[in-house]
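Here is a short report on helix packing and charged side-chain pairs. Please read it alongside the sequence and the structure.

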Amino acid sequence: MASICHSKSHHCFYSIWLCSVALSLLPPLASSYLYSDDKRDGLFPEILRDEAVARLNELGKVSDADGYLERTFMSPAAVRAGKLLGEWMEDAGLRTWVDQMGNVHGRTEGMNMTSDALLIGSHLDTVVDAGMFDGSLGIISAISALKVLNSTGMLGKLKRPVEVIAFSDEEGVRFQSTFLGSGAVAGILPVTTLQTSDKSGVTVQDALKKHSIDIAEESLSLLKYDPSSVWGYIEVHIEQGPVLEYVGFPLGVVKGIAGQTRLKVTVRGSQGHAGTVPMSMRQDPMAAAAELIVVLESLCKHPKDYLFYDGDSDATTLESLSSSLVCTVGEISTWPGASNVIPGQVTFTVDIRAIDDKGRGDVLHELSNRMYQICERRSVSCIIERKHNANAVICNSELSSQLKSAAHAALKKMTGKAQHEVPVLMSGAGHDAMAMADLTKVGMLFVRCRGGISHSPAEHVLDDDVWAAGMAVLAFLETHIENLNCVFPIVSIANPSRG
């Protein structure tokens with residue numbers, strides 16, 4: 001998931017820890033790249049920039065709401081968006097289909113259909129009041145790059161199959177369960193997920209059936225790809241943080257993704273009349289919930305004041321938490337929700353993220369203990385449910401190196417100038433790559449976004465940065481073409497300042 005990065009990582013740790021090498025090599029306040037106005041041969045701006053931006057704008061208007069962007073799992077707008085993406089995949093020369101979890105696939109077999117496949121993907125769903133680049137940019141960039149190969153007669157010369165997947169759900173807005181799409185493909189989605197209900201009582205299975213997709217618990221496992229049939233997975237995504245903008249670089253390579261846990265906390269007390277129950281006799285779940293939330297904030301701001309370790313390894317864990325731990329309460333609801341009634345129940349969500357999985361587990365343990373103690377003291381009941389848990393993911397070094405080289409070659413071609421080292425960042429936001437890491441090696445490429453803002457209609461990516469993303473994917477795909485004298489010379493990158 002921004003200098004004002006919303007929900008999905010809440011400032012995204014400011015895209016945590018730009019590697020020291022990258023920081024030392026990049027000009028700290030460079031504004032933006034000036035793309036060469038000279039020869040455009042091999043740059044394909046009409047597909048990778050103009051058409052890609054037009055498609056992003058078109059997709060950004062496909063919404064279930066009037067006045068803002070909202071597309072949740074298998075909603076009418078999500079289905080329309082999937083059909084649109086399928087048409088664009090076919091326009092790029094891909095064979096398309098929709099699987100039983102609503103994922104939209106587009107595939108080319110290349111020269112050897114039995115070879116293990118390169119998967120490229122991101123998600124088509126959005127949060128509520130979303131920006132139009134989160135998820136969509138990764139799908140459009142991949143389709144555009146493959147369209148260039150198709151238009152130049154190179155699509156059939158790929159050494160291996162390449163498949164673009166528009167995942168049906170990553171945000172988890174409708175069913176409070178993230179990675180429904182990529183989790184099914186990776187084979188990590190529990191069968192019980194099909195019976196998870198949204199706020200209207202509609203289950204995941206019902207939502208799929210409404211759109212003529214029948215899936216039973218016994219067939220969910222059939223969606224899992226055979227690991228031996230997959231070469232790797234890459235994902236292009238907006239950074240959702242301010243680092244790339246700060247260093248003046250349009251693209252960055254992701255080193256890893258923070259682990260995350262989502263909780264649902266239910267506090268029950270004694271419902272009563274607001275004017276007749278003395279303060280000393282109340283069992284108020286709202287006041288209790290307020291105290292629980294303040295404790296959460298304090299623990300996550302100052303973990304050193306709550307967690308105590310012995311030994312160097314534990315000290316490293318605590319240091320990691322101090323720099324990367326973020327916690328958010330994003331939703332809160334009361335029952336019955338009247339101004340003159342002491343609530344009988346309060347429910348709120350908790351989102352906890354950190355690079356260190358052990359540290360995150362320790363935070364959860366400490367938080368749970370303190371929450372139960374507060375509820376007991378206030379004579380209210382407290383139920384803490386774990387709704388989602390994902391360990392941190394470290395991206396594959398081979399894929400990261402190839403993406404770094406591809407980004408470097410693409411930007412050099414666009415600017416006509418030697419490039420500095422491509423930045424390397426950690427991601428505080430969750431991505432489909434987290435689920436796909438259970439299936440295959442993964443790599444990610446971040447794209448600069450204005451102000452680091454995401455999960456907001458103010459989310460914005462420069463047209464030329466959309467172009468740069470498409471060029472980088474194209475450069476990466478070029479390395480998978482048989483006996484091609486590449487348009488992009490992908491070589492190891494030497495530090496230009498050190499010869």
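Lys-301 is exposed, because its relative accessible area is 56%. Exposed means over 50% relative accessible area, buried under 20%, and partly exposed in between (1.4 Å probe, protein chains only). Glu-297 is partly exposed at 43%. Glu-297 and Lys-301 form a salt bridge, with their closest N and O atoms 3.5 Å apart. A salt bridge here is a side-chain nitrogen of Lys or Arg within 4 Å of a carboxyl oxygen of Asp or Glu. The two residues lie 4 apart in helix α9, so about one helical turn separates them. Helices (H or I, at least four residues) and strands (E, at least two) are DSSP runs, numbered from the N terminus.

This is a predicted model: local features need pLDDT of at least 70, side-chain atom pairs count only at pLDDT 80 or more, and totals for chains, interfaces and linings use all residues. Residues are numbered from 1 along each chain as its sequence is written, and side-chain values use heavy atoms, leaving out hydrogens and water.

## Salt bridges across the chain

The salt-bridge count comes to 24. One of them joins Lys-147 and Glu-51 at 2.9 Å, N to O. It links distant parts of the chain: Lys-147 sits in helix α4 (residues 136-151) and Glu-51 in helix α2, 96 residues apart. Lys-147 is buried, at 15% relative accessibility. Glu-51 is partly exposed, at 21%.

Arg-160 and Asp-116 also meet in a salt bridge, at 2.7 Å, N to O. Arg-160 is in the loop between α4 and β4 (162-167), and Asp-116 is in the loop between β2 (104-108) and β3 (117-123), 44 residues apart. Arg-160 is buried at 13%. Asp-116 is partly exposed at 24%.

## Packing of α9 and α11

Helix α9 (residues 285-301) packs with helix α11 (residues 357-377) at about 150 degrees, their axes 10 Å apart. Axes are lines fitted to C-alpha atoms, for helices over the stretch in contact, and angles run from 0 to 180 degrees between N-to-C directions. The angle therefore makes α9 roughly antiparallel to α11. Angles under 35 degrees count as roughly parallel, over 145 as roughly antiparallel, 65 to 115 as roughly perpendicular and the rest as oblique.

Contact residues (heavy atoms within 4.5 Å) include Leu-292 and Val-295 of α9 and Leu-367 and Met-371 of α11.

## Packing of α2 and α14

Helix α2 (residues 45-59) and helix α14 (residues 463-478) pack at about 120 degrees, with axes 8 Å apart. That makes α2 oblique to α14.
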